[in-house]
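Open the model in your viewer and keep the selection tool at hand. This tour goes stop by stop.

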Amino acid sequence: MDPILSPHVPELFITLTQRFGLLLAGGFAIMTVAPLDKVGPGRSRPLWATALLVAMFGMFGILGTYTGNFVFQSFANLRAMGVITAGLFGGPVVGAGAGIIAAGHRYLIDVGGFSALPCGLATLSEGILAGLVAWRFPERRLDWATALTLGLIGETYHMGLVLWLAEPFTEAVELVRVISLPMILINAMGAALFVQALRMQLHFRDLRDSTQARQILSIANRTLSHLRSGLTRASAQATAEIILDETHVAAVALTGGDLVLAHVGAGDDHHMSGFQVRTMATRRVAETGEPLFVRDRDSIGCRQPGCPLTDAIIVPLRKGGQILGCLKLYGTKNRPLDQTRFELAKGLADLFSTQIELEEIGIKNQLIARAEIRRLQAQINPHFLFNSLNTVASFCRTAPGQARDLILDLARYMRRNLDSSRGAIRLSEELEQVRSYLVIEQARFGDRIRADIDLAPGTADWLIPPLLIQPLVENSVRHGILAREEGGLVRLSAHADGDHLLVTVEDDGAGMDDDTRNAILAPDASDLSPHMYVEARNEPPYEAQPGQTCSDTMVESLRDGIGARNCNQRLMQMYGPSYAMRIDSEPGRGTRISFRIPRQQLQ
């Protein structure tokens with residue numbers, strides 16, 4: 001730069017303003033480039049980000065020196081705008097680090113110069129002061145007025161140090177007379193505009209991130225129902241169409257293993273579902289598990305002449321530690337991809353992978369629940385069967401017609417118990433099971449068993465898990481009313497309450513104590529008392545007799561595994577802890593068991 005020995009103040013204003021504009025534009029552009037575009041203000045940032053900010057703002061300080069004017073063996077410079085912005089944006093460490101770099105450079109290029117020391121000290125002080133202000137008042141970190149004030153104060157202090165430390169004093173006075181006003185105003189305004197530009201850049205980044213988050217959530221919401229069945233050709237096709245509609249890229253594809261499950265958009269004439277993966281880039285991602293952004297046809301590796309796909313984003317879909325397939329976004333010459341789409345694709349892949357894993361966990365839980373139901377269905381109480389057959393035999397001579405009806409009821413009862421193919425069933429089917437059971441028991445015990453079933457209108461088709469109500473009715477009969485010589489009444493009622501079915505089974509029988517009730521409601525077998533656990537494992541087969549104690553009968557129910565405890569555990573397993581049964585009972589005053597079932601669709 002040509003030396004200017006005695007410039008006029010207006011000329012210095014114009015020169016510094018022009019160079020300040022270039023410096024500001026360059027700084028704003030650099031802050032939008034990765035990885036700086038992800039670095040924000042504040043105290044919590046990785047060490048590499050802090051070091052990067054120190055180096056970058058230190059470089060701006062050096063450029064501020066070189067873009068200045070040489071005046072009276074000194075520099076009319078723009079260092080202050082860089083180091084003040086560094087302190088406000090990055091805090092004390094970044095402000096001090098950038099100040100040391102810029103001040104050290106200023107001192108080293110003019111060792112022995114009459115203004116080198118005060119200029120270097122002023123630059124370091126401005127960086128530290130701005131950092132301390134950001135640390136003490138974080139809400140003013142990116143406030144343009146704060147930056148403007150610090151610029152005015154810092155550069156005024158700078159001029160004071162020149163007058164105090166620079167010699168000869170007459171030259172220091174002349175230097176300050178020429179450069180003070182332009183440097184104070186331009187550096188203050190430059191710091192204010194630099195801070196405001198960074199604030200706008202962060203605001204735009206937040207808007208971009210929030211838009212991307214909304215887009216991901218929208219895609220997730222629309223694809224959720226399709227991915228419930230796992231990654232199949234049908235679910236992949238529907239998912240790809242939704243992503244194409246939401247993202248407006250040129251093409252979207254999903255692969256599973258070595259096959260293209262779906263491809264929609266540009267290139268669908270040769271990138272077709274059901275065929276082998278054509279692109280080398282996809283095979284590379286499937287092997288390495290690393291997301292890939294390729295920006296030319298050769299890197300995509302499609303050998304089809306005239307393929308319109310020019311760039312691609314390929315991210316893996318995982319299930320546990322296994323790579324299940326790939327999600328691919330394609331761009332064309334007229335619709336290229338960008339870094340934002342890359343981040344979007346990675347977010348979608350993570351979400352889809354999580355969804356696939358959760359659905360697999362859900363499927364496993366359903367299989368476990370169905371296995372438990374089958375186990376319950378297989379555990380027909382042999383004593384009930386034998387006693388029922390004996391009852392039928394006794395009626396064959398005295399009441400053949402009734403014996404025939406009992407055989408039909410027993411057949412229906414056993415058929416439903418042994419049918420392991422059933423998932424959710426209608427309430428009316430479960431009540432048929434209950435009625436069959438009650439008819440058989442009433443034939444055995446006569447008037448000692450009385451029953452009342454109250455089914456509210458509109459609830460017959462409500463879907464419920466099988467073998468949920470009948471075991472509770474059986475529990476009331478065997479351990480409640482048959483424990484009394486005179487027998488008793490068992491009542492079953494069901495009615496709808498909004499989106500829930502409320503079911504109540506109650507009797508006026510022997511009731512139960514608190515220990516028995518707690519054992520039934522315990523979430524795990526380990527919650528059983530040692531006394532009851534030993535009895536449940538070792539007590540001989542049970543045949544209900546009048547006068548038997550509540551604890552004895554409830555232990556039998558626990559051992560059989562088809563009583564109230566199993567019903568409660570199944571409710572909590574299928575619908576959550578809030579759907580556990582409620583038991584109201586006292587010894588000698590009967591038992592009331594109630595629970596609710598959410599509405600569900602027939603599958």
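**Stop one: Val-176**

Select Val-176, which lies in helix H7 (residues 169-227). Helices here are DSSP runs of H or I with at least four residues, strands are E runs of at least two, and both are numbered from the N terminus. This is a predicted model, in which local features need pLDDT of at least 70, side-chain atom pairs count only at pLDDT 80 or more, and totals for chains, interfaces and linings use all residues. Residues are numbered from 1 along each chain as its sequence is written, and side-chain values use heavy atoms, with hydrogens and water left out.

Is Val-176 buried or exposed? Val-176 counts as buried because its relative accessibility is 11%. (Buried means under 20% relative accessible area, exposed over 50%, partly exposed in between, with a 1.4 Å probe and protein chains only.) Now show its neighbours. Leaving aside residues up to four places away in sequence, Val-176 touches Met-159, Val-162 and Leu-163. A contact means heavy atoms within 4.5 Å.

**Stop two: H4 and H5**

Select helix H4 (residues 92-108) and helix H5 (residues 116-136). Their axes come within 7 Å and cross at roughly 170°. H4 is therefore roughly antiparallel to H5. (Axes are lines fitted to C-alpha atoms, for helices over the stretch in contact, with angles from 0 to 180 degrees between N-to-C directions; over 145 counts as roughly antiparallel.) Show side chains where they meet: H4 residues including Ile-100 and Tyr-107 face H5 residues including Leu-124 and Trp-135.

**Stop three: cysteines**

How many disulfides does the structure hold? Zero, counting a disulfide as a pair of cysteine sulfur atoms within 2.5 Å. Select Cys-302: the nearest cysteine sulfur, that of Cys-307, is 3.8 Å away. Cys-302 is buried, at 17% relative accessibility. Move to Cys-326, also buried, with a relative accessible area of 1%.

**Stop four: confidence**

Colour by pLDDT, the predictor's confidence in each residue, from 0 to 100. The chain's mean is 77, and 73% of its residues reach 70 or more. Strand S12 (residues 500-507) has the highest confidence, at 93, and helix H17 (residues 530-538) the lowest, at a mean of 33. Residues 525-562 fall below 50. Where pLDDT is low, the predicted coordinates should not be read in detail.

**Last stop: the whole chain**

Zoom out. The chain has 19 helices and 14 strands. Of its 603 residues, 49% count as buried.

Terms used: Parallel < 35°, antiparallel > 145°, perpendicular 65-115°, else oblique.
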